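Hi there,

Here is the structure I promised to pass on, with some notes on what turned up in it. Have a look at it first, then read on.

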Amino acid sequence: MASKSKKAQFDAVKTLEQIEDKFEMFQILNEEGEVVNEDAMPEISDEDLQELMRRMVYTRILDQRSISLNRQGRLGFYAPTAGQEASQIASHFALEKEDWILPGYRDVPQIIWHGLPLAKAFLFSRGHFQGNQAPEGVNVLSPQIIIGAQYIQTAGVALGLKKRGKKAVAITYTGDGGSSQGDFYEGINFAGSYAAPAIFVVQNNQFAISTPRDKQTAGRTIAQKAVAAGIPGILVDGMDPLAVYSATLEARNRAVNGEGPSLIETLCYRYGPHTMAGDDPTRYRTSEMDTDWEKKDPLVRFRKFLEGKGLWSEEKENEVIEEAKEDIKKAIKEADSAPKQKVTDFINNMYEELPYNLKEQLEIYKEKESK
Ligand SMILES: Cc1ncc(C[n+]2csc(CCOP(=O)(O)OP(=O)(O)O)c2C)c(N)n1
Ligand SMILES: [Mg+2]
């Protein structure tokens, strides 16, 4: 028989509300390119501010060119990045060369800026095995297609860095959809338990293909999921390069000082379709939503900010655009000259030491390919 409970000693609903209220969006630059949070302004030189802008402009061009190359049948899998430049490039800008990146399929720009040659990024898009082989010293893994799977691997890589006494972090990215995967929770929880130097980024671009953000979780934010893992979490304006840079820099400093992992949710938007495989965003988004988010554009606000300081001009921007186009032309030619791949290339690329059944298959294919 149900009995009337005594007056609650602990108000669970209020506790939840109090926690959720704490997760306000962190912003430094508003949509007009004005500094609205002077205290949080990171220490960053004028040269670095220009370099950050250069990389974002370059990446926007790379995105536009990749979309046309895909339409011409010259690239394969491609997930557009426009709208996510602050989330991707400014978070990467806070890293050091010795840090490891475990990207998702949309995070190709970060691994390019970490040193993956453009031609290899194009080969990855074409499903060529050489696109999954980063040069020695470029600490990146291949973009993960399985949603969220790289979160657990990141906890492991970070723990490995810690055990080897490296002053480096492992950083990973997933989307709002990825934050619903079991791997997401396991990854942040494990890294928290072992104070592993990891940075977990969720680029909340409002949709997982066509599924809207409010279907992912009852939580008001994704950042607050850090609380359950006992790690710091922050909700950042993912269209504000300075806020993303500052939040990532702090997370990196904590991690290398032995203070464990962090979770960063960046609020952003992808302007384009989910991938070039044929989804139609007009079926699940309104044009008002598109224009509202375009007003927040990271390049527009950062350009205004830099122009105000006399650090950017149309001329500079055009130089970057030309440089990007030239690099892309060269890289696609280089990708075209890669050898036609064979089945043995796939088999040899999979394992450090082949299991017995693949050894057998390798011999069979070697034989076939020699004819
Ligand atoms: C485990 C798994 N389930 C489903 C898919 C199919 N899938 C590919 S992308 C995607 C949506 C992911 O959305 P989100 O995490 O928000 O990232 P975004 O694409 O928006 O960057 C899904 C469900 C997959 N690749 N892996
Ligand atoms: Mg998403």
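**Around ligand 1**

There are 14 residues around ligand 1, and those that come nearest are I147, G175, G177, G178 and A208 (a residue is near a molecule if its C-beta atom, placed from the backbone, lies within 6 Å of it). Helices (H or I, at least four residues) and strands (E, at least two) are DSSP runs, numbered from the N terminus. By class, the shell around ligand 1 holds six nonpolar, six polar and two charged residues. Here Ala, Val, Leu, Ile, Met, Phe, Trp, Tyr, Cys and Pro count as nonpolar, Asp, Glu, Lys and Arg as charged, and the others, Gly among them, as polar.

Before you go further, please keep in mind that this is a predicted model: local features need pLDDT of at least 70, side-chain atom pairs count only at pLDDT 80 or more, and totals for chains, interfaces and linings use all residues. Residues are numbered from 1 along each chain as its sequence is written, while chains are lettered from A and ligands numbered from 1 in the order in which they are written.

**What UniProt lists**

An unreviewed UniProt entry annotates residues 53–343 as "domain: Dehydrogenase E1 component". That span is 45% helix and 11% strand, with its end C-alpha atoms 42 Å apart. For residues 314–341, UniProt (unreviewed entry) lists "coiled-coil region"; the chain there is 82% helix and 0% strand, and the end C-alpha atoms are 43 Å apart. UniProt positions are given in the numbering used here, feature names are shortened, and annotations may be inferred rather than shown by experiment.

**Helix packing**

Helix α2 (residues 46–71) and helix α12 (residues 314–336) have axes that come within 9 Å and cross at roughly 45°. (Axes are lines fitted to C-alpha atoms, for helices over the stretch in contact, and angles run from 0 to 180 degrees between N-to-C directions.) α2 is therefore oblique to α12; angles under 35 degrees count as roughly parallel, over 145 as roughly antiparallel, 65 to 115 as roughly perpendicular and the rest as oblique. On the α2 side the contact includes R54, V57 and Y58, and on the α12 side E317, V320 and I321 are among the residues (two residues are in contact if their C-beta atoms, placed from the backbone, lie within 7 Å). This contact has ten nonpolar, no polar and four charged residues.

α2 also packs with helix α3 (residues 85–93), at an angle of about 135° and with the axes 10 Å apart. That makes α2 oblique to α3. L52, R55, M56, T59 and R60 of α2 meet E85, I89, A90 and F93 of α3, and the contact has five nonpolar, one polar and three charged residues.

Finally, the axes of helix α6 (residues 150–163) and helix α7 (residues 182–193) come within 7 Å and cross at roughly 15°, so α6 and α7 are roughly parallel to each other. The contact residues include Y151 and I152 of α6 and D183 and F184 of α7. They divide into eight nonpolar, two polar and two charged.

Best wishes
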